[in-house]
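Dear colleague,

I am passing on a structure for you to look through, with the sequence alongside. Please open it first, and then read the notes below with the model in view.

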Amino acid sequence: MRIDVDAFKVLEVLVEEGSFAKAAERLHKAQSAVSYQIKKLEQHLGVNLFCRDQYRAELTPEGKVILAEGQRLLQYLANIEHLASRFSEGWEPKLELVIDGALPMEPIMKALKRMAAHQIPTKIQLNMEFLGGVQDRFERDNADLMLVKDYRTGPNYRPQSLPDITSILVVAASHLLAVEENISLFELQRHVELTIEDSSPEISYQDELQFGGDKVFYLSGFIMKKNALEMGLGFGWMPDFLIHDELKRGELIEVDFSGGSRHSFTPKLVSTMERPLGKAGRLFTELIMEEFDRAEL
């Protein structure tokens, strides 16, 4: 015989009300029906849930444990009902995002925070890659959206442009390049260039901003690259939103390169018609566009 889940609700109300009569009144049941459900639950479990010699309906030590577990079960079932209700409203079970580490995280986190406020049932997975690794992961995992610096276009992709981001060529104030003027490409190539490693395991992404010298250190993220720059290890491009304070304090210096020390790119929010966005995907798209527009990049 299976346990009657409703009996745990009766048990909970009975404890709250303190008597079978009051519990029956609250549950709109006959007192005999309440007593029968509790007795049947006790018989099924093989334990006494209540002290029968007390004026009030008081739980035995075993009854307290059973009630606690029953309440967890009731909450779990309520969660299932809530999820089913939200899924029936068009929310997808999962939303997977792949973003390029060159993009600012603050507007992304703000969009996710606003998503959480909607109490949607969709599980959200956020993955970070670099350069060609973003699209590689997007395609390999059949993800729903990618926020990407650049990508290989195709007929099924649906891109939306985000506000431009500027990268600045910088070195530490202690580096030799910090005090030189109108630096040529030949002279730049004499120093160590710091760049981000492509996280794609298969496709080698050709970064047109690399200077082609022999002295190149490939790093696995912008935090590591920023630390290397501050140590005077070499020169490299950095998104301006990541080094605003360091430039202001004079810890990092913009390189006076004859070919230009600033480069702007237009990141894209990309989905594919092969995997149409559900309700959560459309909401995130709306929120992320708003947050990037508001951000001071």
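**Glutamate 12 and its helix**

Glutamate 12 has its place in helix 1, where helices (H or I, at least four residues) and strands (E, at least two) are DSSP runs numbered from the N terminus. This is a predicted model, in which local features need pLDDT of at least 70 and side-chain atom pairs count only at pLDDT 80 or more, while totals for chains, interfaces and linings use all residues. Residues are numbered from 1 along each chain as its sequence is written, and side-chain values use heavy atoms, with hydrogens and water left out.

With a relative accessible area of 15%, glutamate 12 is buried (buried means under 20% relative accessible area, exposed over 50%, and partly exposed in between, with a 1.4 Å probe and protein chains only). Not counting residues up to four places away in sequence, glutamate 12 touches Leu67, Gln71 and Leu74, and contact here means heavy atoms within 4.5 Å.

**Two helix pairs**

Two packed helices are described by the angle between their axes and the distance between the axes. Axes are lines fitted to C-alpha atoms, for helices over the stretch in contact, and angles run from 0 to 180 degrees between N-to-C directions.

The axes of helix 1 (residues 5-17) and helix 3 (residues 31-45) come within 10 Å and cross at roughly 115°. That makes helix 1 roughly perpendicular to helix 3 (angles under 35 degrees count as roughly parallel, over 145 as roughly antiparallel, 65 to 115 as roughly perpendicular and the rest as oblique). On the side of helix 1 the contact is made by Asp6, Ala7, Phe8, Val10, Leu11 and Leu14, and on the side of helix 3 by Val34, Gln37, Ile38 and Leu41. These contact residues divide into 8 nonpolar, 1 polar and 1 charged, where Ala, Val, Leu, Ile, Met, Phe, Trp, Tyr, Cys and Pro count as nonpolar, Asp, Glu, Lys and Arg as charged, and the others, Gly among them, as polar.

Helix 3 also holds histidine 44, which is partly exposed, with a relative accessible area of 30%. The C-alpha atoms of histidine 44 and phenylalanine 217, which are 173 residues apart along the chain, are separated by 69 Å.

In the other pair, helix 5 (residues 106-117) and helix 10 (residues 279-294) pack at an angle of about 135°, with their axes 8 Å apart, and that makes helix 5 oblique to helix 10. The residues of this contact divide into 11 nonpolar, no polar and 5 charged.

**Aromatic rings**

How many aromatic pairs does a search of the whole structure find? There are 6, where rings of Phe, Tyr and Trp (its six-membered ring) pair if their centres lie within 6.5 Å, and planes under 30 degrees apart count as stacked, over 60 as edge-to-face and the rest as tilted. The rings of phenylalanine 138 and tyrosine 157 have centres 6.2 Å apart and planes at 40°, so this pair is tilted. Phenylalanine 138 in helix 6 (residues 132-140) and tyrosine 157 in strand 6 (residues 157-161) are 19 residues apart, so the pair links distant parts of the chain. Phenylalanine 138 counts as buried at 0% relative accessibility, and tyrosine 157 counts as buried at 17%. Elsewhere, ring pairs link Phe211, Phe235, Trp237 and Phe257 into a cluster.
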